[in-house]
Amino acid sequence: MCDQEFRTLRIDPRYPFQNQTKACYDNYCDYYKCTRLLGDVDDCKIFKRYFQTICPNFWIEHWDELREKGAFPGPI
């Protein structure tokens, strides 16, 4: 058995009928902006849950590498 809790995320009202690519990117950026401004607080974790749910893992890994190098092209 799995001890992990699974829940469906609520719909992000910013992207009701859009391709989820933009939602993926925006939530990734929003999470890191939030943690930079507020620290690792619960309010920021919703963005992380969104991008971890809808983004392909290889995108996240690539963006993490770019962020570590200081070459990420987004507003973080």
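This is a predicted model: local features need pLDDT of at least 70, side-chain atom pairs count only at pLDDT 80 or more; totals for chains, interfaces and linings use all residues.
Lys45 and Asp42 are three residues apart in helix H2, and about one helical turn separates them. I begin with this pair, since it leads into the rest of the talk. The side chains of Lys45 and Asp42 meet in a salt bridge, at 3.5 Å from N to O. By salt bridge I mean a side-chain nitrogen of Lys or Arg within 4 Å of a carboxyl oxygen of Asp or Glu.

Residues are numbered from 1 along each chain as its sequence is written, and side-chain values use heavy atoms, with hydrogens and water left out. Helices are DSSP runs of H or I with at least four residues, strands are runs of E with at least two, and both are numbered from the N terminus.

How exposed are the two partners? Here buried means under 20% relative accessible area, exposed means over 50%, and partly exposed lies in between, with a 1.4 Å probe and protein chains only. Lys45 counts as partly exposed at 36% relative accessibility, and Asp42 counts as exposed at 62%.

The salt bridges come to four by this rule. Two further ones are found in H1. Asp26 and Lys22 meet through their side chains at 3.0 Å, N to O; these residues are four apart in helix H1, about one helical turn. Asp26 is buried, with a relative accessible area of 16%, whereas Lys22 is partly exposed at 46%. Asp30 and Lys33 form a salt bridge at 3.6 Å, N to O, and they lie three residues apart in helix H1. Asp30 is buried at 15% relative accessible area, and Lys33 is partly exposed at 27%. As a general point, an α-helix has 3.6 residues a turn, so residues three or four places apart point the same way.

I turn now to H2 as a whole. It has 13 residues and reaches 19 Å from its first C-alpha to its last, close to the 18 Å expected at 1.5 Å a residue; the expected span is 1.5 Å times one less than the number of residues. Which residues of H2 are buried? They are Cys44, Tyr50 and Phe51. Seen down the axis of H2, these fall within an arc of 110 degrees, so they line one face of the helix. The arc is that of the directions from the helix axis to the C-beta atoms. On the face of H2 turned away from the buried side are the exposed residues Asp42 and Thr53. The buried residues of H2 pack against H1 and H3, where contact means heavy atoms within 4.5 Å.

H3 comprises residues 57–69. Its buried residues are Ile60, Trp63 and Leu66. They cover an arc of only 125 degrees around the axis, which puts them on the same side of H3. The face turned away from that side carries the exposed residues Asn57, Phe58, Glu68 and Lys69. The buried residues of H3 pack against helix H1 (20–38) and helix H2 (42–54). Just after H3, Gly70 takes a positive phi of about 80 degrees.

Next, the core. A nonpolar core is a set of buried Ala, Val, Leu, Ile, Met, Phe, Trp, Tyr and Cys residues joined through side-chain atoms within 4.5 Å. The largest one has 13 residues, of which Tyr28, Phe51, Cys55, Trp63 and Phe72 touch the most other members. H1, H2 and H3 each supply at least two residues of this core, and H1 gives the most, with six residues.

Finally, the aromatic pairs. Rings of Phe, Tyr and Trp (its six-membered ring) pair if their centres lie within 6.5 Å; planes under 30 degrees apart count as stacked, over 60 as edge-to-face and the rest as tilted. The count comes to twelve aromatic pairs by this rule. The rings of Tyr28 and Trp63 have centres 5.0 Å apart and planes at 55 degrees, so the pair is tilted. Tyr28 lies in helix H1 and Trp63 in helix H3, so the pair ties together parts that are 35 residues apart in sequence. Tyr28 and Phe72 form another tilted pair, at 5.5 Å centre to centre and 45 degrees between the planes. Phe72 lies in the segment after H3, 44 residues from Tyr28. Both Tyr28 and Phe72 are buried.
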